[in-house]
Amino acid sequence: MTPAATAALEAFLVARAESGQVAWPVYEEAARRFSLSFHTIEMVVLSRGLFPLRYQRQQELLGAAGQLRLLQTRAALVGCGGLGGAIFEMLVRLGIGHIVVIDPDRFTESNLNRQLLASLENLGHLKVEAAGERARQLNPVVEVVPLAERFQSLSAASHLAGCELVFDGLDSVADRLELSQFCRREGLYMVHGAVSGWYGQGALLSPDAGELERFYPGAAVMSESISEGNDSANLVMTVNAIAALQVAGALRFLLQDSKESLPGGFFLDLSGPELEAWS
Amino acid sequence: MSKITVKLFAGFREGRFHRRELELAAPAKVSGLLRELEIPIAEVGVLLVNGRHVEPDYCLKESDTCSIFPKVGGG
């Protein structure tokens, strides 16, 4: 945007802000009048020191600088099922600006017990399309790139490389290890998470030191017949709890000044409940 | 002999224990401990000694705490 255009938009927003907050109808009017994306408008809102009314309840906790950091974040979500659907909902509501969602699957009936985006109405529909639709309903500022393919595809890989955070919503150990290797090669942080019944685990893995293989020491001797992925028993509470811990860890990482002392990992057992975390 | 503390999690506790002090013949590798507890390596996920990730061939020392978690792969 030219300085003049920015100044015009700023004046428009300041005039319509109430107590420093900008309500959604103002975004819609600004989009029409200035032919700008909601994403761009929100950048100007936050840079100008105003605050989106939608995020009022997190203003005290994040501040304009923190909220702008989230808007500038390019994240990828690999897998849009149980973990993925819950993670996606949270990232959109938080205001993460750009989310690449990668999942080749369509919803099936057995998804309904835990996958937030699944409903009786969208069985047979692509999961990534449901994600795009959900974002439009909740927070159109968030740019969603839906990729109905496996993350190993060339186009998915090139989108992933442009992201700083990659959220693990996969359902197989083999896929996760492959994703971890990719993230380390490309210098990306991987937000690992996995669930099984009443318990789950997760960790924020840095590209230089975060080897997911440490979480699966038996992987080398794993037989193909072990049902460790999409047939496993899963409960909606565990899915949501682990997804929340993944997003919380990512949020702490985005808001902190230094990238040192990343936590090592966590294991949550909801049958206790019991949380074990290590550095 | 090395006296170590073993912490088991989730399903590994069934028929075993939550937390116990064990005396192991030195040198005691984590893989040996797993065999003694009859925990198949293919079922093991996170392995920690004193809060740090270790490989199964790690040699346990006196007063180490070893935490053994089941493998978790769903999503």
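Cys59(B) is partly exposed, with a relative accessible area of 37%, where "partly exposed" sits between buried (under 20% relative accessible area) and exposed (over 50%), worked out with a 1.4 Å probe on protein chains only. Cys66(B), on the other hand, is buried at 0%. The sulfurs of these two cysteines lie 12 Å apart, which is too far for a bond, given that a disulfide needs a pair of cysteine sulfur atoms within 2.5 Å. Over all chains, the disulfide count comes to zero.

All of this comes from a predicted model, in which local features need pLDDT of at least 70 and side-chain atom pairs count only at pLDDT 80 or more, while totals for chains, interfaces and linings use all residues. Residues are numbered from 1 along each chain as its sequence is written, chains are lettered from A and ligands numbered from 1 in the order in which they are written, and side-chain values use heavy atoms, with hydrogens and water left out.

Now for the interface. Here 21 residues of chain B are in contact with 34 residues of chain A, contact meaning heavy atoms within 4.5 Å. The two chains bury about 2,200 Å² between them, 60% of it on carbon and sulfur atoms; buried area is the accessible area (1.4 Å probe) that two parts lose on being put together, summed over both. Two salt bridges are counted between chain B and chain A, each a side-chain nitrogen of Lys or Arg within 4 Å of a carboxyl oxygen of Asp or Glu. Lys7(B) forms a salt bridge with Glu276(A), and their closest N and O atoms are 3.1 Å apart. On the side of chain B that touches chain A, the elements giving two or more residues are strand E4 (44–49) and strand E7 (65–70), strands being DSSP runs of at least two residues and helices (H or I) runs of at least four, numbered from the N terminus. E4(B) gives the most, with five residues.

Most residues other than glycine have a negative phi, and most peptide bonds are trans. Still, a cis peptide bond joins Gly272(A) and Pro273(A), with omega about -5°, and Pro273(A) sits in the loop between strands E9 (265–269) and E10 (274–278) of chain A. The bond from Ala26(B) to Pro27(B) is cis as well, with omega near -5°. As for phi, Ser35(A) has a positive value of about 55° and is exposed, at 64% relative accessible area. Glu38(B) has a positive phi near 60° and lies in the loop between helix H1 (30–37) and E4 of chain B.
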